[in-house]
Every structure is written in structure tokens, then in C-alpha cells.
Amino acid sequence: MAYSGIISKVMPESIADEIGLEQGDRLLAVDGENIRDLIGLSFALADECIELLIEKKNGEQEVFEIEKEYDEDLGIEFESAVFDGVRRCANKCIFCFVDQMAPGMRESLYVKDDDYRLSFLYGNFVTLTNLGPRDIKRISQLHLSPLYISVHTTNGMLRERMLNNKVAGNIMEQLHTLIDNGVEMHTQIVLCPNINDGDELERTIGELYALHPNILSMAIVPVGLSRFRDNCYELETFTAEKALTVVEKINSWQEKCRKENGTSFVYLSDEFYLAANQSIPDYEMYDGFPQLENGIGLVRNFLFEWQEEPIVAQGYSEPHYLDVVCGVSAQKILGPLLKDITIPNLTIRVLSVENIFFGTDITVSGLLTGQDIIRTLTANEGKRTGVIIPGAALKKGETVFLDNMTCEQLEDHIAVPVRAAYGAKDLRELLQAWR
């Protein structure tokens, strides 16, 4: 089967620009070989002399012969990292958040990817249930490491039930096979009360830790339950008491791991500490934040960045009133932090947004919708110069919320400028010099 990569961007003054490649053109082959993904493309483009077969937007095919430096970049980006289609998930996990998505949202939110190539390229977590011998061979030959693996439990029978997939039970065999082929891995557990916690969690941590250092890290995140759970497996959320039990268990494991190998190895997402009313661990406990993109250590990393530079501002010549909106969990951090800031002529108000759209059990800022933000702002009257929203609530690279509302639409509704803060530095700059 022939595949093609659709060019989404051509860098100005690049090789691709010089030979006349354009957005919308299709890459059909390199040196006569069809390419399936960016991984294969990176190897194919490494040589100094290459031949590209391109299908132009008008349907005509053209061959381009290129001489370049070894490993010199062509200056093109593609619509997708995989040209033969993303491998979809064949599991029916009892905790899957995609199955809890509201109807009528953008199409990409309903895609369940389970593609080892996206795991290697972008850190997406995969279950390995669709991995075959040829995949293992390619991973080994190209040394696609590290990979990011959703384990959930090392108990094979329990994993089969949690993923609703009969082939899910051989996870330990798969991990050993990958390790034998020189692959390192980061792992995660979606923890469900009374399912894979307690003794099952103890077993999972122990068996994964036994594979360290090939298993680089283990992250534990709580199950997320939205109000759109029709016909879904009945699950519970973590109470403060149960969250505290998990925190205490992980504290013990981290103490053991640090004594034996100098790292914490196993890490909890911030939600557990906030739910249990426990302090966020110190910066050193996160060992360089190997799973920051998975939400592990976001609060500590934010606090570290915030404290790197003090607030230094001359203030404003006229009164400014800025609302900082966030999820219910983040309010516990931002509230006290911003309360102590003194900038002349600036009044800061932190507004926590209750997640009515997905359900009030969802408390993270990254799942806020435009309509819930509008509801909160409307309910809190008063002077308002502008609104700062969490960048995590927007689609990556765009200004669109999960409910398809845009920042521009939010601005039109509340009649003041809206700006996104993607971290502590952004927030500090917006507060010091609102623009």
C-alpha cells in the first residue's frame, strides 16, 4: 500500500523552499521507497544525495534530486507524524476519558490513538496491546527508546478486565521483551479506587521497580470521571481519605527507592496531594521531572519558576483589575500565591471555575471550557480590565477551548481582553505589564 505525507509548512529560505515545495504537496517516496512515518523519513533523509517523488497540489508528480549536507534538514513539516494513519486503540478501558467525552465536540477529541510511533516521537502513552513481532523488530532495529507505556497493573488477569482486552494480560512478558531489545520505558498507572489500588498497586510498583533502570519512571494519576458516563463501568473518585492513603504509600516507596538508587522512581500527580491536603513534594523529589507532560510535578515546577524571579514592577498609572481564572485544584496554589503580590494600581482576583461542563469531580485547569469560564466571570461582578486564563485549557498551538469556544469569542462576551498564561513566567509578565 502506498502512503503519502502531506506537507503543512515550508520554512522560508530552506532547501524545500528553494526547490519549490509548497503547503499541500504530498511526499510519495524517497529514493524510490515509500515512507510510512517521520521516523522512517528521518533515516531516509540523512544521506547527502536524495531523490524525492512529490505529488503537487494539481495532481502532477515531479522528481526532485537534492544534494545537501549529511543530516541537513529540508525545512518541511507534515500534517501528521504518521503517513499510513494513526493506530487506533482496540481496548475498551473501564476508565477511558474519551468514552466520557461530551457529544458534538471537535472530531479529534474522540480519537483513541495507541501508536508506538507517537509514543516515541511525542511521549504519548500506549498499551502495547496492538504490538506485533514486526513492530518489536522495528523498535529494536531503529532503537526507538524511550517509549511511554500505560501499564495500569502488572496483574495480567486484572489488566485484561480493566482494558477489556484478552491480549492485555501479557504486559510483563512484553516489557521484558522490550528490555531484552534495549528499550527503556516510562510507565503510568491510571489509579481507580477499589480496582487497582491497595495491594494491587503495591504489587505493580514492586514488579515495575524490579525492572529499574530499564523502567525509567512510574507515574500514578487518578481516574477522571466526567458526567458523560452513560453505559460506562461504575467507578468512584478519590476521597480525601483515600488520596491520603495513596500519598502515604508512595512516600514510603520513594524513601526506599531514593535510598537504593538515588531517585524517587514512582511519582504522584498533583491531584493526589491537593485532594489529601498534603504539601507538594520538594523540587529535588521529581528528579528532573521525567513526566511533566503527564501532569507529574506541574505545581512544583510552576512554583519553582515563579520564585526564580521576584515581582518587580513600577505599577500602573491608572487602576487595573485583572481576574486570574483557574480550576478548583489550582486555586489552592494560586490563591495564597497571588494574595501577597503588591503592584501599585493593580487589583488581582483569583477565580476558581467549577467544571459544570464535564462535572464537578473534574477540578484540573486543563479541562476547563469557555462556557464555564463565562459563567464564573458573569457571576463575579466588579471592575475588570482583563482576564488571564490557563494556557493548558487551550488546544495546543491554538486559542480554542475543549467546547470549541475561542478566546476571541470569550473576549466578545465579557468585553475585555483575554490572555493565556502557559506557565509561571507568562503569568508574572502579564501581571507586571498587562497588554
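**Salt bridges, a domain interface and a few buried spots**

Okay, let's start with D323: at 2% relative accessibility, this residue counts as buried. Keep in mind that what we're looking at is a predicted model.

So what does D323 pair with? One partner is R349, and their side chains meet in a salt bridge at 2.9 Å, N to O. That pair links distant parts of the chain, with D323 in strand β10 and R349 in strand β11, 26 residues apart. R349 is partly exposed, at a relative accessible area of 24%.

D323 also forms a salt bridge with R384, this one at 2.5 Å, N to O. Since D323 sits in strand β10 and R384 in the loop between α12 and β12, the pair ties together parts that are 61 residues apart in sequence. Here both D323 and R384 are buried.

For a local case, go to helix α8, residues 240-261, which holds both K256 and E260. They're four residues apart, about one turn of the helix. In general, an α-helix has 3.6 residues a turn, so residues three or four places apart point the same way. The K256 and E260 side chains do meet in a salt bridge, 2.8 Å from N to O. K256 is partly exposed, with a relative accessible area of 34%. Over the whole structure, the count of salt bridges is 20.

Next, the domains. At the interface, six residues of domain 1 are in contact with seven residues of domain 2. About 580 Å² is buried between domain 1 and domain 2, and carbon and sulfur atoms give 64% of that. Which residues of domain 1 lose the most area to domain 2? Those are R36, D37 and I39, together 70% of what that side buries.

On the charged side of things, two salt bridges turn up across the interface of domain 1 and domain 2. There are also two residue pairs in polar contact across it, both at pLDDT 80 or more. The residues on the domain 1 side that touch domain 2 come out as three nonpolar, one polar and two charged. As for D37, its side chain meets that of R117 in a salt bridge at 3.1 Å, N to O.

Now two loop residues. S269 lies in the loop between β9 (266-268) and α9 (270-275). Is S269 buried or exposed? It's buried, at 1% relative accessible area. Its side chain makes a polar contact of 3.0 Å with the side chain of E271. Setting aside neighbours within four places in sequence, S269 is in contact with I220, V221, P222, G295 and I296.

The other one is M405, in the loop between β12 (386-390) and α13 (407-414). M405 has a relative accessible area of 17%, and because buried means under 20%, M405 counts as buried. Not counting residues up to four places away, M405 touches G370, Q371, I374, T399, V400 and L410. Take Q371: it is 34 residues from M405 in sequence, yet 7.6 Å away in space, C-alpha to C-alpha.

That brings us to helix α12, residues 370-379, where the buried residues are G370, D372, I373, I374, T376 and L377. What covers them includes β10 (320-327), β11 (346-353), β12 and α13. And β10 is the strand where D323 lies.

Technical notes
Residues numbered from 1 in each chain as written. Heavy atoms only, no water. Contact = heavy atoms within 4.5 Å. Buried area = accessible area lost by both parts, 1.4 Å probe. Salt bridge = Lys/Arg side-chain N within 4 Å of Asp/Glu carboxyl O. Polar contact = N/O pair within 3.5 Å; in protein donor to acceptor, adjacent residues only side chain to side chain. Nonpolar A, V, L, I, M, F, W, Y, C, P; charged D, E, K, R; others polar. Buried < 20%, exposed > 50% of the residue type's maximum accessible area, 1.4 Å probe, protein only.
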